[in-house]
Amino acid sequence: MMIQYLESTKQFQLNTQNTTYALAIADDAYLLHIYWGKKLPFTDLTYLLRLKENPFTPTQNERDRACFFDTVPFEYPCGGTGDYREPAFGIEDMGGFRACNLTYLSHRIYCGKPVLQGLPHTFSEIHTPMETLEITMVDKPTGLTVLLSYTVFADSDAIIRSVKVRNDGTESCKLTRVLSCSVDIDNERLDMLTLYGSWARERQVSRVPIGHGKQRIDSLRGESSHQYSPFFALLSPQTTEQQGDAYGFTIIYSGNFFAQAELTQHGTTRAQIGINPDDFVWQLNPTEEFQAPEAVMVYSAEGLGGMSRCYHKLFHRHLIRSQWKDKNRPVLINNWEATYFDFNLEKLQHIAKEAAALGIELFVLDDGWFGHRDSDNCSLGDWKPDERKLPGGLQPLTDTVTELGMRFGLWFEPEMVSPDSDLYRAHPDWAIQIPNRPMTLCRAQYVLDMSREEVRDAIWAQMKQILDNHPISYVKWDMNRQLTELGSAVLPATRQKELWHRYVLGVYDLMERLVTEYPDLLLENCSGGGARFDPGMLYYSPQIWSSDDTDARERLRIQYGASLFMPPSAMGAHVSVCPNHATGRNTPFDTRANVAMNGTFGYELDVTKLSDEDKAAIPEQIHRYHRYSHLVRNGLQYRLGDPFGGSACAAQMHNGWDAWIYVAEDGSEALFTFVQITAEANLRSRKIALAGLQPDAQYQFEWNGQQQTMLGAVLNECGVLIPNLWGDMRSVQIYLQRVNE
Ligand code: GLA
């Protein structure tokens with residue numbers, strides 16, 4: 001049993017493999033947080049609530065009720081009745097009044113977990129036991145019922161939380177915020193780690209001490225965004241990659257989010273994540289329900305690495321649905337960086353032939369195949385092949401590709417419309433807009449109102465027409481602009497603030513149709529590179545394009561940041577040409593491949609123009625990818641370096657190199673990669689300690705053309721000696737195999 005309730009103290013305790021999460025009902029009404037940390041036996045922890053100290057509980061000291069509200073660690077705090085810290089739940093009733101007070105009504109503990117209708121969510125694989133604690137809270141004056149769910153899986157340390165609100169009252173009520181989780185952590189000194197960035201520079205790492213007050217990241221762009229990822233970690237100041245407290249928070253959602261840590265007057269830190277309450281109001285009529293997305297909280301005493309590995313495993317096993325998740329993905333070639341919009345059938349056929357000869361398995365036709373799209377100025381919404389570039393449509397190309405023994409993949413941007421398109425001319429009101437207000441263009445395009453079923457149906461019909469009539473086994477779903485002038489032609493004035501969330505639900509609905517109707521399809525998500533690199537997308541696509549920056553050096557940082565909470569196999573990573581189109585930098589072809597193998601591997605270049613030497617390297621790279629990619633998918637990742645030069649992880653003060661290792665869960669094999677970022681003259685070899693290998697096992701590997709055998713403990717503690725390599729961005733990849741004695 002993983003979840004227990006102790007009636008004598010009214011305490012709930014959730015025990016995962018290595019952690020404990022505890023909460024309790026105080027004063028027969030209030031749900032308070034007690035503890036989240038290393039695993040404890042089932043035991044009474046309620047003394048930690050300090051209810052015998054000031055503040056007293058309201059039944060014993062009614063005159064100081066407000067003091068109680070402002071200091072106790074509420075499990076799901078609401079505003080307007082005396083808790084002046086950030087609320088997780090907010091309402092406005094028919095009278096325009098905003099106070100709320102959720103009190104305990106009942107609870108149940110059961111095997112299984114809730115299915116979140118219309119939202120991506122975690123699920124159990126067969127054979128993995130899971131238990132859920134569901135606590136029902138009520139706001140008596142309005143009749144609102146709030147169901148707080150906590151799920152634990154037998155094979156994970158994560159706590160999955162979700163919140164469902166039901167209007168059991170007689171009047172409508174507006175929900176002004178429904179965060180997915182809130183935790184009051186009883187620890188004064190914590191750092192906050194967040195992922196910030198920009199287009200082509202996603203998921204840079206920031207780590208700063210939390211001071212008194214509120215530190216927040218968010219998105220109000222309609223997508224999770226390039227600028228901040230829907231994830232943060234709270235860390236003890238001493239926490240490193242390998243050890244120390246790490247509390248991770250993310251939500252399984254792809255729209256506006258809010259994530260905040262607030263250090264309060266008595267030294268507790270209130271950590272929260274959920275749908276952004278800014279510009280959010282949801283009208284809930286009697287009997288209606290509102291479901292907030294799932295939050296995934298992970299505590300690890302094994303530092304950032306322990307936290308990340310927990311996320312990787314949970315998402316791989318319990319969030320990614322695609323049948324591709326456990327398979328070697330076909331090595332693809334994408335024509336975007338090879339041709340941009342400038343292609344015709346012959347050019348593509350030429351690339352496909354050359355690629356097939358080198359062993360590449362999937363040809364992906366990117367943007368520019370439809371309408372009359374010679375640039376990004378037009379045609380989004382008109383998903384019909386451009387006969388000028390592709391006479392006879394897609395078929396001559398798909399024929400060539402399939403005859404070559406390759407699969408075929410295609411790019412769509414289903415949520416968008418160009419002003420210069422037949423779709424927009426026929427249905428101008430389908431674009432999100434505010435009447436009598438100029439519409440802001442971004443990349444010369446508008447956003448379709450995906451909350452409207454007829455809009456989704458129309459796009460779906462066009463996509464189906466293409467997918468049903470061609471041998472398409474891969475789709476790249478792109479989304480290349482943020483939302484502005486939020487206005488829907490069909491929602492009443494009182495419901496316009498629902499559009500942000502309704503938009504996301506509409507996108508999920510369309511993706512659900514796609515993966516349900518074409519279960520064999522390999523779907524890769526993308527949003528101007530990595531603006532939707534979030535757990536919500538993993539439910540639909542096992543891989544996501546991580547950035548339009550394919551420079552190997554920049555990718556070290558982007559992929560490091562992404563791996564903090566997302567499985568490495570989800571990171572689309574391609575070998576492209578040099579000088580790199582984003583940075584102008586030159587890096588060795590081999591290193592570009594080694595860095596791209598720290599993700600889902602592919603090529604994005606014109607193979608017909610490669611040097612013979614680079615071409616000759618491709619079959620061997622593909623061979624290695626297929627030989628080792630199961631380790632990237634299912635192995636345990638240990639980040640050994642820090643491409644941020646120590647800012648992500650205070651203990652590792654260097655920026656001359658990066659390294660990582662994937663170790664099979666049973667310790668039988670491992671793949672180690674080292675990248676020398678900058679060369680320095682006259683350096684001795686570097687000693688790089690590996691990690692995760694079985695200490696008492698012998699591992700065999702090839703090094704400098706010779707077979708070596710070394711003890712796991714020695715490799716973990718002392719490591720390997722990597723000579724000073726000649727030149728920047730040189731790399732080494734070593735495969736290690738346990739030797740059976
Ligand atoms: C976005 C994607 C790119 C490419 C272009 C096409 O920027 O991230 O990979 O598909 O759109 O317009």
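In the predicted model, 14 of the 16 residues of helix H2 are buried, so this helix is largely enclosed by the rest of the structure. Buried here means under 20% relative accessible area, with a 1.4 Å probe and protein chains only. Helix H2 covers residues 303-318 and reaches 22 Å from its first C-alpha to its last, close to the 22 Å expected at 1.5 Å a residue; the expected span is 1.5 Å times one less than the number of residues. Helices (H or I, at least four residues) and strands (E, at least two) are DSSP runs, numbered from the N terminus.

Residues are numbered from 1 along each chain as its sequence is written. In this predicted model, local features need pLDDT of at least 70, side-chain atom pairs count only at pLDDT 80 or more, and totals for chains, interfaces and linings use all residues, while side-chain values use heavy atoms, without hydrogens and water.

Helices H11 (residues 589-596) and H12 (residues 612-634) pack at an angle of about 25°, with their axes 10 Å apart. They are therefore roughly parallel to each other (angles under 35 degrees). Phe589, Asp590, Ala593 and Asn594 of H11 meet Asp614, Ala617, Ile618, Gln621 and Arg624 of H12, contact being heavy atoms within 4.5 Å. Four of the residues in this contact are nonpolar, two polar and three charged.

Ser541 is located in the loop between helix H9 (535-538) and strand E28 (543-545). With 0% relative accessibility, Ser541 counts as buried. Leaving aside residues up to four places away in sequence, Ser541 touches Leu523, Glu524 and Asn525. The C-alpha atoms of Ser541 and Phe97 are separated by 42 Å, the two residues being 444 residues apart along the chain.

Terms used
Axes are lines fitted to C-alpha atoms, for helices over the stretch in contact, and angles run from 0 to 180 degrees between N-to-C directions. Angles under 35 degrees count as roughly parallel, over 145 as roughly antiparallel, 65 to 115 as roughly perpendicular and the rest as oblique. Ala, Val, Leu, Ile, Met, Phe, Trp, Tyr, Cys and Pro count as nonpolar, Asp, Glu, Lys and Arg as charged, and the others, Gly among them, as polar. Buried means under 20% relative accessible area, exposed over 50%, partly exposed in between (1.4 Å probe, protein chains only).
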